[in-house]
Every structure is written in C-alpha cells, then in structure tokens.
Amino acid sequence: LFTLHDPERVVIDIDNAHMAQSADQVGLSDSVIENIRHAPRDVTDLRVVFDLYKAVIPKSFLLAPAGGYGHRLVVDLSYSGSSAPVIVAKDEDNKTSLRDVVVAIDAGHGGKDPGAIGPYGAMEKDVTLAIASRLEALIAKEPGMRPVMIRDDDVYLPLRERIALARQHKADLFISIHADASTDPYAHGSSVYVLSSTGASSEAARWLAERENAADLIGGVRLDNKDDTLARVLMDLSQTATIEASIALANDVLGAMQLVGPVRTDKVEQAGFAVLTSPDIPSVLVETAYISNPAEEQNLSSSTYQESLALAMLKGVREYFEDHPPPGTLLASVWRDRHVIRDGETLSGIATRYNINVDQLRSHNSLDGDMLHVGQVLLIPTSVGGASSETSAKLVADGG
C-alpha cells in the first residue's frame with residue numbers, strides 16, 4: 001500500500017490475486033475516491049489504484065473471518081475535512097492545538113565540500129540535494145507532516161550547524177542523505193546508519209562540558225544546575241531513548257529501500273557520524289547508493305531513480321510515525337487506535353502497554369489465539385473522534 005502524487009492516488013498491490021468482478025459498479029458518490037482502476041501485475045498479482053480528489057493518509061489492517069464474512073483487508077483513507085478520524089482539537093483561543101510532525105531533511109555536503117565524485121563526474125552534493133528536494137515535496141503533501149530543508153541550495157554548512165538548525169525547527173526526526181564511495185568500483189547497494197554507542201559517549205561528554213549553554217537539551221530539563229552524576233544520568237537516558245527511536249526509524253527506512261534496489265547489508269549499521277549526534281532527535285543517515293560505482297552513479301543521476309529513493313524514504317517515515325506518533329500531533333490523533341506488530345512483541349505485552357486486558361484485545365481483533373506476526377496491525381479499543389475502533393470495524397463488516 002502506497003501513495004502517488006500529481007495526481008493523488010492510493011495504490012494497493014496484492015500478491016497471487018485477481019479481480020473477480022469489475023469495480024465499475026462501486027458507488028463512489030460523496031467519497032474522496034474519483035475512480036477505481038485495476039490491472040494484472042507481474043502475471044500473478046493484482047494492482048488496484050484509487051484515483052483521488054485530494055491527498056489522504058492511508059491506513060490498512062486485516063480482519064479475521066467473523067459474522068459470515070471471510071478474511072478482509074480494510075483500508076482507511078483519512079483526509080482533512082473527512083469524518084474519520086482526523087480530529088483537530090481546538091484550544092481556548094480557537095486555534096489548532098494539534099501540530100504537524102516536523103521532518104528535517106539534510107542533503108549531505110554542499111558548497112566548497114562536493115563530497116564523493118563519480119567516475120562520470122556526478123557530485124555527491126548535487127545528487128543528495130536533488131533527492132532531498134524530492135523528499136521535501138513528497139512530505140509537504142502528507143497530511144500531518146511538515147518538511148524542513150537543512151540546506152536548499154549549494155551552500156556549505158558545518159555538521160554542528162545542521163544539528164542546530166534541526167533543533168531550532170523543533171524537528172521530530174532528522175534524515176541525512178548521502179551517496180557512498182569506495183575504491184572498489186563494484187561496491188554497490190544502499191545502507192542506513194544510526195549513532196554508535198562510542199559516538200554517543202563522545203557527544204555526551206561534549207554536551208556535559210558545555211551544559212550551561214544546554215538549558216533546552218533534553219526535553220527542556222536544565223543541566224547547568226545539576227551535579228555531574230545526575231546530569232550524566234539524564235543525558236544517558238535521553239541518548240538511549242533517542243538511539244532506540246533512531247534504530248526503529250532506520251529499520252523502517254531500510255526495509256523500504258530494499259524495494260528500490262540492492263542494499264549493502266540488511267541490518268542497520270552504527271557509526272560515530274557527527275551529524276547523527278543530536279541527543280533529542282531520532283536521526284538516521286542514508287547512504288543511497290555507491291556514486292563510485294558507474295552503474296549506480298547513473299542511477300543516482302536519474303530523476304526517476306531519485307524519485308524512487310525519495311518515495312522509499314517517505315514510506316519509512318510513514319511507517320515510523322504510525323508506530324511512534326509524537327504526542328500532541330495530528331498523526332497521533334489518527335493512528336492512536338492502531339498498533340503495528342514488531343519483532344519480539346507479545347499480545348500480553350501490547351495489552352499492558354495500552355492498559356487493557358488480553359481477552360479484550362483478542363476479542364477486538366477476532367483472534368483465536370496469541371500468535372502474532374511482524375507487520376500485523378491490531379486495532380486498539382480506544383475512542384477516536386467519537387467512534388470506537390470496534391464501531392469502525394463493524395461498519396466495515398456491514399459494508400459501511
């Protein structure tokens with residue numbers, strides 16, 4: 001499931017499937033859907049395309065057989081002005097109190113620093129800016145998201161200034177875009193990095209040495225009036241939480257990058273990159289491909305491939321925010337009744353997290369047992385926009 005823009009579309013690819021009957025008779029009046037198209041894909045698969053009147057936030061989940069219905073794939077299309085479940089709260093001054101999430105996009109290198117240069121002359125600074133600009137345009141169209149470009153021109157920015165700009169804009173996450181290089185012209189594939197523990201320790205020491213200037217460093221907690229031990233504990237807690245969030249984001253981005261081309265490794269890597277050292281912003285560095293590889297240099301210079309990379313990063317960002325919507329944001333109000341299963345999670349652990357009992361969670365999702373699989377979406381029985389998830393599920397089952 002993914003979206004396309006200009007014009008707005010939602011695309012659903014279903015493996016080993018075909019359309020049993022035409023979608024021409026589906027009633028679309030008073031909906032955001034203008035038209036439904038479908039066609040075979042890769043011989044055995046099915047692609048369904050919803051042509052839309054406006055941008056949406058698509059969310060999908062599965063419902064097990066119940067009430068005479070078989071297995072169902074449910075797709076919610078939420079958008080500004082829809083009745084479900086994008087609810088914008090108002091404060092006493094009648095201003096919107098739910099904010100957009102802020103995504104800081106950092107195009108690596110720039111100005112006097114060209115970065116790596118490919119065998120045909122492509123410069124890393126130009127490639128990264130082109131991809132970053134495409135990602136900015138995609139995120140700008142996402143309801144509930146707002147992009148911030150760390151650089152939008154061919155200028156040189158010190159690494160620390162890039163972090164400072166992200167924090168100045170109160171970024172919820174930070175993506176630094178690069179193109180790898182190697183003396184081996186056959187080296188290929190993308191990779192995603194987060195900060196290493198060694199890099200975190202070095203950064204903590206630097207911040208603690210300047211803590212009188214870091215009054216807003218860890219969620220607004222002042223460090224200048226704390227003793228050394230307490231300040232260090234607070235810093236470690238903040239960095240640990242941020243690195244864990246960064247790894248979750250990196251896994252989502254890396255998974256999406258695998259859909260575009262080969263990856264150098266299927267695991268998130270850790271290094272002491274200075275641009276990843278913000279202790280309060282989940283940060284990842286994406287090596288999009290090897291610009292030193294002639295074939296990958298040509299890909300990186302292609303507008304089509306640049307768009308594919310940007311779409312993959314957008315997919316990763318979307319998936320991250322589905323699981324980790326910051327409190328007080330529009331996305332939190334949309335996705336707070338869904339939980340995407342991660343590796344190692346259990347039904348009892350999820351029930352504890354949401355302060356509900358296991359039986360309630362099992363019944364709410366028509367589960368026969370406790371078996372879960374990674375990527376599965378559970379409905380959490382909480383009230384959203386005046387209607388519970390249970391009510392929403394019943395409307396789907398009843399054809400509403």
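Colleague: Quick one to start: which residue is the bridge partner of aspartate 180 in E12?

Modeller: That's tyrosine 290. Keep in mind that we're looking at a predicted model.

Colleague: Noted. How do E9 and E12 pair, parallel or antiparallel?

Modeller: Parallel: strand E9, residues 173-180, and strand E12, residues 283-290, are joined over 6 bridges.

Colleague: And what's the strand order in the sheet they belong to?

Modeller: It goes E8-E7-E9-E12-E10-E11. That's an open sheet of 6 strands, with mixed pairing.

Colleague: Which strands stand at the edges there?

Modeller: E8 (145-149) and E11 (269-271). Each has a single partner strand, so one side of each has no neighbour in the sheet.

Colleague: What does the twist average from one strand to the next?

Modeller: In that sheet, 30°.

Colleague: Switching topic: what order do E1, E2, E3 and E4 take in their sheet?

Modeller: E1-E2-E4-E3. Those 4 strands make an open sheet too, and here the pairing is antiparallel.

Colleague: Why is one side of E1 and of E3 left without a neighbour in the sheet?

Modeller: Because E1 (2-4) and E3 (33-41) are the edge strands, each with a single partner strand.

Colleague: How many bridges join E2 to E4?

Modeller: There are 6 bridges between E2 (residues 9-14) and E4 (residues 45-52), and the two strands run antiparallel.

How values were computed:
Residues numbered from 1 in each chain as written. Predicted model: local features only at pLDDT ≥ 70, side-chain atom pairs only at ≥ 80, totals over all residues. Heavy atoms only, no water. Pairing = 2+ DSSP bridges. Axes fitted to C-alpha atoms, helices over the stretch in contact; angles between N-to-C directions.
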